[in-house]
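Please consider the structure shown below together with its sequence. The paragraphs that follow lead through it, beginning with a single residue and ending with the chain as a whole.

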Amino acid sequence: MQALRKRVPFEFKSEDGQDVQVVLDEQEQAQLVEEIKDRNATSNDHNRIALQVMLALSTLLHFIYWLSDRRSPLFAIFPPSSHDPASNAPVPFSGILTYIAILTHVNLSLLVHPRHVVIAGWAIRPIGFTETFAWSAICPVVTIYTGKAWQTTAWWCISTIMTIIVYVVHMWVKKADRDVMELENLQYRAPGA
C-alpha cells in the first residue's frame, strides 16, 4: 500500500497584497521561488540603473554649472525678478557648494551600487544616508540664509531631492529582498517523504 503524504498549501502575498494559497509540490515551489527571485533581481537592477542615470545627469548639470557664470540654471526657465538684483546674484562660495553637491552625488552613486573602489591603495566607502542628508542640506540652507531667489534655492535643493529619491528606492530594494527571503522560508520541505 502507498503511503499518502498530506500536501500543505504554499502561502504568499500576491502583488495586490492578498493572501494566496496554492498547493504545490517541492519542485513547483522551488521553481516559483526562483522565478520570483529572478524577477526581483531584474527589477533591482533596473532600479539601480535608473538611479545611476539620474545621478550621472545631475552630476553633469552640476559640473556644467561649475564651469558657467554660476547663476541658477532655473533663471532660463523662470526669469528672475528685477526688483532685487542681490537675490539674483550667484551664491557666495558657489564653487565649494558645487563641489559638495558633486561629492554628494558620487556618494549616492556608491550607495546605489556598492563597489570595491580603491584609489591609491585607499578603499573608498560611502557614508551613510544620515550623513548624506546632512551634507546635501548645506547648499539649500546657505541659499536661504543669504536670501537668494527661489530659483537659486530650488537649484541647490537638487542634491537633497536626489538623496531622498535614492533613499526611498534603496528601502524598496531592501524590502523586496526581505520579502523574497521570507518567501523562501515559507517553502514546504519534506525530505524523504
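In which helix does Asn44 lie? Asn44 belongs to helix H1. The model is a predicted one, and every value given here is computed from it. With a relative accessibility of 6%, Asn44 counts as buried, because the limit for a buried residue is a relative accessible area under 20%. Leaving aside residues up to four places away in sequence, Asn44 touches Val173 and Asp177. With Asp177 there is also a polar contact: the two side chains are joined at 3.0 Å.

The helix that carries Asn44 deserves a description of its own. Helix H1 covers residues 26–67, a run of 42 residues. From its first C-alpha to its last, H1 reaches 61 Å, which is close to the 62 Å expected at 1.5 Å a residue. Asn44 is one of several buried positions along H1.

How many aromatic pairs does a search of the whole structure find? The search gives 7 aromatic pairs. One of them is formed by Phe63 and Trp66, whose ring centres are 6.4 Å apart and whose planes meet at 85°, so this pair is edge-to-face. Both residues lie in helix H1 and are 3 residues apart, so about one helical turn separates them. Phe63 has a relative accessible area of 41% and is partly exposed, and Trp66, at 28% relative accessibility, likewise counts as partly exposed.

Another pair consists of Phe133 and Tyr167, with ring centres 5.8 Å apart and planes at 70°, so it too is edge-to-face. Here Phe133 lies in helix H4 (residues 129–145) and Tyr167 in helix H6 (residues 158–185), so the pair ties together parts that are 34 residues apart in sequence. Phe133 is partly exposed, its relative accessible area being 28%. Tyr167 is partly exposed as well, with a value of 32%.

The cysteines come next. A disulfide is a covalent bond between the sulfur atoms of two cysteines. How many disulfides does the count come to? The count comes to 0 disulfides. Cys139 takes part in none, and the nearest cysteine sulfur, which belongs to Cys157, is 9.3 Å away. Cys139 counts as buried, at 2% relative accessibility, whereas Cys157 is partly exposed, with a relative accessible area of 23%.

Most residues other than glycine have a negative phi. Arg70, although it is not a glycine, has a positive phi of about 65°. Arg70 is found in the loop between H1 and helix H2 (85–88), and with a relative accessible area of 24% it is partly exposed. Phe93 also has a positive phi, near 60°, and is a residue other than glycine. Where is Phe93 placed? Phe93 sits in the loop between H2 and helix H3 (94–112). Is Phe93 buried or exposed? At 64% relative accessibility, Phe93 counts as exposed.

These details can now be set within the chain as a whole. The secondary structure comes to 6 helices and 4 strands. Read from the N terminus on, the elements follow the order β-β-α-α-α-β-β-α-α-α. The chain has 193 residues, of which 30% count as buried. Among contacts between residues at least 6 apart in sequence, 69% join residues at least 24 apart. The accessible surface of the chain comes to about 12800 Å², and 64% of that surface belongs to carbon and sulfur atoms.

Definitions and conventions. Residues numbered from 1 in each chain as written. Predicted model: local features only at pLDDT ≥ 70, side-chain atom pairs only at ≥ 80, totals over all residues. Heavy atoms only, no water. Helix = DSSP H or I, 4+ residues; strand = E, 2+ residues; numbered from the N terminus. Expected span 1.5 Å × (residues − 1). Buried < 20%, exposed > 50% of the residue type's maximum accessible area, 1.4 Å probe, protein only. Disulfide = S-S within 2.5 Å. Phe/Tyr/Trp six-rings, centres within 6.5 Å; stacked < 30°, edge-to-face > 60°. Contact = heavy atoms within 4.5 Å. Areas by Shrake-Rupley, 256 points an atom, 1.4 Å probe, with all protein chains shown as cover. Polar contact = N/O pair within 3.5 Å; in protein donor to acceptor, adjacent residues only side chain to side chain.
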